[in-house]
Amino acid sequence: MSIATTNPATGQVLKTYDPMSDEQIDAAIERADLAFHQLHGTTIAERGRWMIAAADLLEAERDETARLMTTEMGKTYAAAKAEVTKCATACRFYAANAPKMLADEPADAAAVKAKRAYVRHQPLGPVLAVMPWNFPLWQVMRFAAPALMAGNTGLLKHASNVPQTALYLEELFRRAGFPEGAFTTLLVGSEKVDRILSDPRVRAATLTGSERAGRSIAQIAGRELKKTVLELGGSDPFVVMPSADLDKAAEVATTARCQNNGQSCIAAKRFIVHTDVFDAFAEKFAARMSALRVGDPMDENTDVGPLASESGRDEIHAQVQDAVDNGATVLCGGEKPSGDGWYYPPTVVTDLRPGMRMWSEEVFGPVAGLYRADSYEEAIEIANGTNFGLGSNAWTEDPAEQERFAVDLDAGNVFINGMTTSYPELPFGGVRNSGYGRELSAVGMREFCNTKTVWVGEGEAGAGAGAHSE
Ligand code: NAP
């Protein structure tokens, strides 16, 4: 894949980059390793000041950074501005909370026959971050802010279609005060990931991307015995029960499916509706989806911009076509527009059955699958009937049913009567083919820390009765 900025609204190639040579990659890893040792001599407070400076820069440069993202991957300008603000918030959150998250945790010294014992959280070293284009700033920031605050350094291999946003991120942290090499963008294709992750100086990797990329990185990491966090795809269920507020559910369903032009891992993708309210919900939902305005992402009246790539649009249209060819019904949308730009209309498809691509695959665009369930049990069966397990939503006013959904939905998160989203305060990640490990909160920060046990005794041999060694 060439490394280039191509405007999805026009299909025009605006800027291309030569990939880095192996020598340049090795030099960048060396700088990341040196910077790691340099960060070792800094305090959390110092790193916190740099992180706050990064937040200040993000806020000051919000509009031009947002324009850059819209130009590179087609999200609406309004959504891009909100993404920049969210990144600044995460920087401030980790600057404020890292001291608490990284503080030593005292253990029960008497129980472990020590004079004192505690758990310390120390950084690992340079971490490779392989990132996707769909939230080109936020996906990186939710790794970078906690990792840098912990004292790790970052090597970013961003998606090949967002090189300018990737370079902006390197500059951002350097201008904020982090040492040279603390955060480096590697302009490379995915074929270089093996070389980078095999380097002994690189201690771990995090990937946000497709299942295919996840399997590949997990194999390399397995061979090299390196820690990984994988944030992969999803096909989130959005279950609507009879007690739900249907107007609210239809409104949120529309946003949950079409935010970011339908290209979000945690977008609701499968709408599973109890038969008692199926027709009413379907009518409201299709009406709202049809009413969305598709067009120029820089126009403030636009709800849905173009998809990020022509191949992405071809893929979702092929998934819709496959469903239609096999007997599904299109309630709205479903036509591929002609003309410039990789636009696709908000689409609702129902009468889906096992065997159709939409039943089992992630649909990465503004296309909703609508499913009918005769009971709570059937809704859960459909909801959990995929290989994914990232986010999930349930709409019900019944408190007992809310608790059942919280237990029964097999996913990394359950949002009741609201849309799945991410917050720096809450862990984020999936189960099954949606990956493993967590980002955000203290849990995310500690994924790339050595959780070190420190035991200090009186110096006598053995450490007393009951001690044994493995
Ligand atoms: P992708 O093709 O996997 O690309 C993501 C990143 O991985 C890019 O930097 C890409 O580089 C790299 N990559 C691709 N194949 C690779 C391989 N075999 N080995 C190593 N690196 C590889 O994913 P995408 O289609 O751009 O992004 C959409 C996917 O990401 C969806 O499945 C979505 O659900 C998922 N996603 C998950 C989360 C989450 O938090 N769970 C969040 C956002 C997106 P190139 O660009 O150079 O190919």
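Modeller: Let us begin with contacts. Leaving aside residues up to four places away in sequence, Ser160 touches Met1, Ser2, Ile3, Ala4, Val188 and Gly189. Please keep in mind that this is a predicted model.

Biologist: Where does Ser160 lie among the helices and strands?

Modeller: Ser160 is in a loop, with strand S6 (153-157) on one side and helix H6 (163-176) on the other.

Biologist: Is Ser160 buried or exposed?

Modeller: A residue is called buried when its relative accessible area is under 20%. Ser160 has a relative accessibility of 6%, and therefore it counts as buried.

Biologist: How much of the protein chain is buried?

Modeller: Of the 470 residues in the protein chain, 54% are buried. The protein chain still exposes about 19,200 Å², and 50% of that area comes from carbon and sulfur atoms.

Biologist: How many helices and strands does the protein chain contain?

Modeller: The protein chain has 15 helices and 18 strands. Its radius of gyration is 24 Å, close to the 23 Å given by the globule rule for 470 residues, so the chain is as compact as a globular protein of that length. The C-alpha trace spans about 75 × 55 × 40 Å along its principal axes.

Biologist: Which residue forms a salt bridge with Asp22?

Modeller: The partner of Asp22 is Lys192, and their closest N and O atoms are 2.9 Å apart. Asp22 belongs to helix H1 (residues 22-40), whereas Lys192 is in the loop between strand S7 (183-185) and helix H7 (193-198), so the pair ties together parts that are 170 residues apart in sequence. Asp22 is partly exposed at 24% relative accessibility, and Lys192 is partly exposed at 22%.

Biologist: What is the sequence separation in the salt bridge between Asp303 and Arg293?

Modeller: The side chains of Asp303 and Arg293 meet at 3.3 Å, N to O. Both residues lie in the loop between helix H10 (278-291) and helix H11 (310-325), so this pair ties together parts that are 10 residues apart in sequence. Asp303 is partly exposed, with a relative accessible area of 30%, and Arg293 is also partly exposed, at 46%.

Biologist: Which elements does the salt bridge between Glu315 and Arg357 tie together?

Modeller: In that salt bridge the closest N and O atoms are 2.7 Å apart. Glu315 lies in helix H11 and Arg357 in helix H12 (residues 357-360), so the pair ties together parts that are 42 residues apart in sequence. Glu315 counts as partly exposed at 39% relative accessibility, and Arg357 is partly exposed at 24%.

Conventions. Residues are numbered from 1 along each chain as its sequence is written. This is a predicted model: local features need pLDDT of at least 70, side-chain atom pairs count only at pLDDT 80 or more; totals for chains, interfaces and linings use all residues. Side-chain values use heavy atoms; hydrogens and water are left out. Helices (H or I, at least four residues) and strands (E, at least two) are DSSP runs, numbered from the N terminus. Buried means under 20% relative accessible area, exposed over 50%, partly exposed in between (1.4 Å probe, protein chains only). Contact means heavy atoms within 4.5 Å. The radius of gyration is taken over C-alpha atoms; the globule rule is 2.2 Å times the number of residues to the power 0.38. Accessible areas come from the Shrake-Rupley method with a 1.4 Å probe; for residues, only the protein chains shown count as cover. A salt bridge is a side-chain nitrogen of Lys or Arg within 4 Å of a carboxyl oxygen of Asp or Glu.
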